[in-house]
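Please consider the sequence and the three-dimensional model shown below. The paragraphs after it lead through the structure step by step.

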Amino acid sequence: MLSQYRHFFRTLANGSLVSLVRRAARLRRVARGMLAAVDRPELPVRLQVETTDICNFRCVMCTREVLDGMNTRSMPLADFAKLVSSVQPYYVTLNGLGEPLIDKTIFDKLALLHRANIKSSMPTNGTYIRRQKLTCLAENLPDNLVFSVDGATKESFEAIRVLSNFDQVIGNYRAISALKAEGKTRAGTTIRILCALQRGNMRDFRAMYLLWKSLPGNPIFNLVPVFDFDPDGRAYQSVVPSKNEVPELLAEIDAAIEKAPKRDERKFYVAWRAAAGAWLENVGTNRVNPETNHASCAVPWFSTYIDAKGRVYPCCYLTATPHVMGNIHDKEFREIWHGDTYSRFRREVAHNRPNLEGCRTCPRNDKSVMRALKRLRPLLGNDPAATGFLNLQD
């Protein structure tokens, strides 16, 4: 916990006390705007940028498989540089519905962020980490590099990540990890493994544990269950297990936990069970009741998503909805962020979420964050434009 606080303050400091004071003041304004649910808040401190919409895989759980206009372009470096310069975010995530390493300017974009002391995160499907790109990635390694490993065996991995090559991806992970271990990558970085838990890999828990333990660098392993956010629960029905499958799976994991000889193995299985158990909240459809979903969502006050075509969305989960706030090719980002469309959307999130397409079926709930900010209100101050969140009026 102490190391996390040190990391947070180093990020804010950006190398100087003046920067620490300025960035802390901006965060205070962002937090105040979140709590008050103001229509036109401070510029976001986080950007999520789809650097390219081109991908070499056809993953069964990916939204791109039900969207039109994919595999068309990468965001030009000049557009990216202008966006970052105008917003001056603290954190940038380079991901969307494409594979970032296909973008020919990805390393220039990472270098730009690092020169500005902006923290970076980037996922990869692991295909292109070889030859010259291996060297360039090592030199420009993001603060968080996230490897998508959605299967522990060649069979499950390649069935989920269609057109992939399991052995190649794992080999490329080992290659970049070896350079990191030898001190030949950008310092102060982390490599993580992310697995999207679904019907096709839900019984991989034993094999995934063995694979994880075999990987060099002791990577952090994250497991996220796949849910179908479609109101009818049918868009990805084949990906999410049925009501009968989940209890059977949990019983298998319980048996594995009982027999596991090592503490870290038991811990791994317990985490797997917890992720799979989330499906029981409402298996096969959404985790929330869209008719009564009044949960707080703070995202439109501190973060935004820009796709490769320049379209601005409140978040990446809304790309299949009409919620386009504007396009950076038509307007300056500041105009979009403070524009009428974004302002109306924020009001709807705060006061009318059950009737807001996309948001009504999303399980995100920032109520605990908002309550924590409410306790800090004397430090944050009041905002004259405050409207507040409807579900926090107690």
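The account begins with the sheet, then turns to the helices, a cavity and selected residues.

The model is a predicted one, in which local features need pLDDT of at least 70 and side-chain atom pairs count only at pLDDT 80 or more, while totals for chains, interfaces and linings use all residues. Residues are numbered from 1 along each chain as its sequence is written, and side-chain values use heavy atoms, with hydrogens and water left out.

Helices (H or I, at least four residues) and strands (E, at least two) are DSSP runs numbered from the N terminus, and two strands pair if DSSP finds at least two bridges between them. Strands of a sheet pair through backbone hydrogen bonds, either parallel or antiparallel.

Several of these pairings can be followed residue by residue. β5 and β7 pair in the parallel sense over 5 bridges, and serine 148 stands opposite leucine 194 in β7. β7 is in turn joined to β8 by 6 bridges, again running parallel, and leucine 194 has asparagine 222 in β8 as its bridge partner. Elsewhere in the sheet, strand β1 (residues 46-49) pairs with β9 in the parallel sense over 4 bridges, and glutamine 48 has tyrosine 305 in β9 as its bridge partner.

Which residues of helix α5 (residues 131-139) are buried? They are Leu134, Cys136, Leu137 and Ala138, where buried means under 20% relative accessible area (1.4 Å probe, protein chains only). The cover over these buried residues includes α4 (106-115), β4 (119-124), β5 (144-148) and α7 (166-181).

A search of the whole structure finds 2 cavities of 30 Å³ or more. On a 1 Å grid over the protein atoms alone, a cavity is a set of points where a 1.4 Å probe fits but cannot get out, and lining residues have an atom within 4 Å of a point. Grid points are joined across faces, edges and corners, and a volume is the space filled by probe spheres set on the points. The second largest cavity holds about 30 Å³ of space. Its lining consists of Val149, Ile170, Ile193, Met208, Leu211, Trp212, Leu215 and Phe221, and helix α8 (residues 205-214) gives the most to that lining, with 3 residues.

Threonine 304 is placed in strand β9 (residues 303-306) and counts as buried because its relative accessibility is 1%. Not counting residues up to four places away in sequence, threonine 304 touches residues including Arg46, Gln48, Phe333 and Trp337, contact meaning heavy atoms within 4.5 Å. A polar atom of the threonine 304 side chain lies 3.1 Å from the backbone oxygen of tyrosine 313.

Leucine 356 is found in the loop between α13 (340-351) and α14 (367-375), yet counts as buried because its relative accessibility is 6%. Leaving aside neighbours within four places in sequence, leucine 356 is in contact with His323, Phe345, Glu348 and Val349.

Technical notes: Buried means under 20% relative accessible area, exposed over 50%, partly exposed in between (1.4 Å probe, protein chains only). A polar contact is a pair of N or O atoms within 3.5 Å; within protein, one must be able to donate a hydrogen and the other to accept it, and residues adjacent in sequence count only if both atoms are side-chain atoms. On a 1 Å grid over the protein atoms alone, a cavity is a set of points where a 1.4 Å probe fits but cannot get out, and a pocket is an open set with protein on both sides within 12 Å along at least five of seven lines; lining residues have an atom within 4 Å of a point.
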